[in-house]
Amino acid sequence: MDMDIDETAKGEEKHGKPIVVILMGAPGSGKSTFCEHVMRSSTRPWVRVCQDTIKSGKAGTKAQCIESAVNALKDGKCVFIDRCNLEKEQRNEFVKLGGPQVDVHAVVLDLPAKLCISRSVKRTGHEGNLQGGRAAAVVNRMLQKKELPKLSEGFARITSCQNESDVQSAIDAYSGLGPLDTLPNGYFGQKNPGAKIQLGIMKFLKKTDAPASSESISKCIPDSNASQITEEKDTCSKGTGSLSENAGRELKEGEEPVVGSAGGDVSLKDAPTLAFPSISTADFQFDLEKASDIIVEKVAKFVNKLGNARLVLVDLSHKSKILSLVRTKASEKNIDSNKFFTFVGDITRLHSERGLHCNVIANAANWRLKPGGGGVNAAIFSAGGQALEVATKEQAKSLLPGNAVVVPLPSISPLLCREGVTHVIHVVGPNMNPQRPNCLNNDYIKGCRVLQEAYTSLFEGFSSIVRSQAKLPKGSIENLQSKMTESQDHPDGVPKDHITNSDQKNKREGLHKSERSKRSKRYRDETEDASDSNAGKVNLSNKSDGSRTKSWGSWAQALYNIAMQPEKHRDAVLEISDDVVVLNDLYPKAQRHVLVVARYEGLDCLADVRKEHLQLLRTMNAVGLKWAEKFLHDDSSLVFRLGYHSEPSMRQLHLHVISQDFDSTHLKNKKHWNSFNTAFFRDSVDVMEEVSSDEKAILKDEDSMLSMELRCHRCRSAHPNIPRLKSHITNCRASFPSTLLQKGRLVFPPCNVSIDA
DNA sequence: GTTCTAGAAC
DNA sequence: GTTCTAGAAC
């Protein structure tokens, strides 16, 4: 929405249906901040009714709040009810404000208790005068009584927020509400956060999706019993400073500390998150319009390649021009606000002060990679301590504009122990400030190119961290695993976003330095560049064999998405278990063609498979066989083969179970045929044997496969083109080659085995 | 992975 | 003129 319509909207008498938004949340959950954010950018007139200040700045009564709300509604204004409202009884009179002309919404700020307490404890000059240590006990007591709202109480819409990203989405939703717009009714967000969700599945789900956000509009969760509402959850990471300890001490004896139960559930831990400042727009005086275009363009390009990871543009001030420009452009481009959002705060204290956990932060560095200059660079070097300077020097001594370098933080760095930041990525952007080195003298053609390169380098660096960390828990690096078991934070080996760095890992992981500026005239496609520049560098940190890390286009994510959230794709899925999902191939290349997809995060393809996946391979094979047998039972003329593509086009390890008739209109070209009928197709039985004895599977590359002639899979006769081949195979009844008849590579119907073989 | 299409092959 | 492939775009 343009800001320009602000005045007209306010001046107009005609409005859509007014709404009353009842905020719910403990002190420190951010209710007032929520209102401020919305009221600042909304094109609707809002009134905030706050019981703490309603009596000319002092606390008033509930009746005064009601009266004030009624008056505002009469004026056609929308109303925020800004009080805790945690119990049903406390809010029911406000719900009654609703009617045919007025909708009542609930926004639940159900943030970690620990976070609310730490904010309340620190707060000075809070309107309700709830500050200092007393806050901890109050918050705890309140949270124990909380009753999450239900639609049946009379709410037209409920938005439940479990983390900062949910909150930001809700702010965006209400801010973007034009005078005549309405938000869809229903329950949005997670109903029973932290409740007993099947952990076996949850730990492999995309973590950002665990607490459903306002984006999942179709998901209207019905009311459920209230017995679970006192179950506490905490998405905060453990051991993050002394505030929670202080809070704990405030509790009276015998009082159950709510926060005490927290921390066990790592499945809801924050997704990998990169916080980055706007590059070059501060001291380097780069044009804000152009910079915001580039940020949004690059974010759009990368955000979907990063799995569940998030990108967050951070600035110190609410008034930041660059944040509002980027916000507007990002929403125009429909960028998923769960994966990318803007955030106001000190980038060096996002976790401790704002409750946003970012495992990676970017620094708008200078070419010397040294502290100084003021701004973000000075702040980050100062917060990172001597350790950051030393670690930086180890990775690079200087950096040209357009480049980035990943620096793993030693565990002694305050940024790691206090904020949970595992890596700093230094980025050098183009400079338009004549007072600084390498000034481009307003050459924005070059400037824009360099800034694009800078963001590409930054996001590639982050992406490499995400990839290497995603693979760690299931990964094969024994010395890392032993390091990890020392870390009491992570007893179960579930994917985490901050892992205690071992020095060894630091060295392997640290090098991500895009050298694009040396060779680029016009920058090439980032995906290619990513794999090129990473080969032999970061991505190999987990791969002893030096294999390249593949990058996946957006169209290649479908299987991954289904594997991670099969319940969202019910119609596509034939079977779901903790380990695999079975589905029909969308474009079957034979009469029967199903895929058995692994549900392990970070297991993209056969190249990622190691010995520790052997059990999974066996499970996949067994499930595949089961389906083949089922199909054979229905049609005994079929023969099946089970195997993997050496270099699949679709991300997420999947086993093809395919009947050998290849009778399908979807089989159209050489690649289709050869991918199932050359050594490129790796039989499941062989893969299991290779992984068991040689640690990994043998792979054949795609290029050599494509150039191969077209041969019948039965009689091995060659054919000039696909149509001719297809007409041949419909009639060929020759016996299969002997290699395929061995070791159970082909699966025949039980009674026919002796005849065909 | 598919779709689209220019132009090569027939 | 039609069939088919292969590369680009998605």
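## Two helices that cross

A crossing is called left-handed if the near helix is turned anticlockwise from the far one by less than a right angle, and right-handed if it is turned clockwise. With that in hand, welcome to this predicted model. Here, helix 21 and helix 23 make a left-handed crossing. Helix 21 covers residues 614–634 and helix 23 covers residues 684–694; their axes come within 10 Å and cross at roughly 165 degrees. Angles over 145 degrees count as roughly antiparallel, so helix 21 and helix 23 are roughly antiparallel to each other.

Which residues in helix 21 and helix 23 meet? From helix 21 come Leu 614, Leu 617, Arg 618, Asn 621 and Gly 624, and from helix 23 come Ser 684, Val 687, Met 688, Val 691 and Ser 692. Sorted by class, this contact of helix 21 with helix 23 has 5 nonpolar, 4 polar and 1 charged residues.

## A right-handed pair

For a crossing of the other hand, look at helix 5 and helix 6, which cross in a right-handed way. The axes of helix 5 (residues 113–122) and helix 6 (residues 134–144) come within 8 Å, with a crossing angle of roughly 145 degrees.

On the helix 5 side, the meeting residues are Ala 113, Cys 116, Ile 117, Ser 120 and Val 121; on the helix 6 side they are Ala 135, Ala 136, Val 139, Asn 140 and Leu 143. The contact of helix 5 with helix 6 divides into 8 nonpolar, 2 polar and no charged residues.

## The chain as a whole

Now for a wider view. Chain A has 757 residues, and 48% of them are buried. Its secondary structure comes to 27 helices and 21 strands. Taking the contacts in chain A between residues at least 6 apart in sequence, 75% join residues at least 24 apart.

In soluble globular proteins, nonpolar side chains tend to be buried together. In this model, the largest nonpolar core has 68 residues, of which Val 427 and Leu 458 touch the most other members. Helix 15, residues 444–471, gives the most to this core, with 10 residues. A second, separate core of 53 residues includes Ile 22, Cys 50, Leu 97 and Leu 177.

What does Val 427 touch beyond its neighbours within four places in sequence? Its contacts there include Ile 279, Ala 362, Ala 404, Ala 454 and Leu 458.

## Loops worth a visit

Most residues other than glycine have a negative phi. Ser 280, although not a glycine, has a positive phi of about 75 degrees. Ser 280 lies in the loop between strand 7 (273–277) and helix 10 (288–303), and it counts as buried because it has 27 C-beta neighbours inside 10 Å. Asn 438 also has a positive phi, near 55 degrees. Asn 438 sits in the loop between strand 12 (423–427) and helix 15; with 14 C-beta neighbours inside 10 Å, Asn 438 counts as partly exposed.

Is Asp 571 buried or exposed? Asp 571 has 5 C-beta neighbours inside 10 Å, so it counts as exposed. You can find Asp 571 in the loop between helix 20 (558–564) and strand 13 (573–576). The C-alpha atoms of Asp 571 and Leu 583 are separated by 9.3 Å, with the two residues 12 apart along the chain. Ser 320, in the loop between strand 8 (310–315) and helix 11 (321–332), counts as partly exposed, with 19 C-beta neighbours inside 10 Å.

Key. Residues numbered from 1 in each chain as written. Chains lettered and ligands numbered in written order. Predicted model: local features only at pLDDT ≥ 70, side-chain atom pairs only at ≥ 80, totals over all residues. Axes fitted to C-alpha atoms, helices over the stretch in contact; angles between N-to-C directions. Helix = DSSP H or I, 4+ residues; strand = E, 2+ residues; numbered from the N terminus. Parallel < 35°, antiparallel > 145°, perpendicular 65-115°, else oblique. Contact = placed C-beta atoms within 7 Å. Nonpolar A, V, L, I, M, F, W, Y, C, P; charged D, E, K, R; others polar. Core = buried A, V, L, I, M, F, W, Y, C linked by C-beta atoms within 7 Å. Buried ≥ 20, exposed ≤ 12 C-beta atoms within 10 Å, placed from the backbone.
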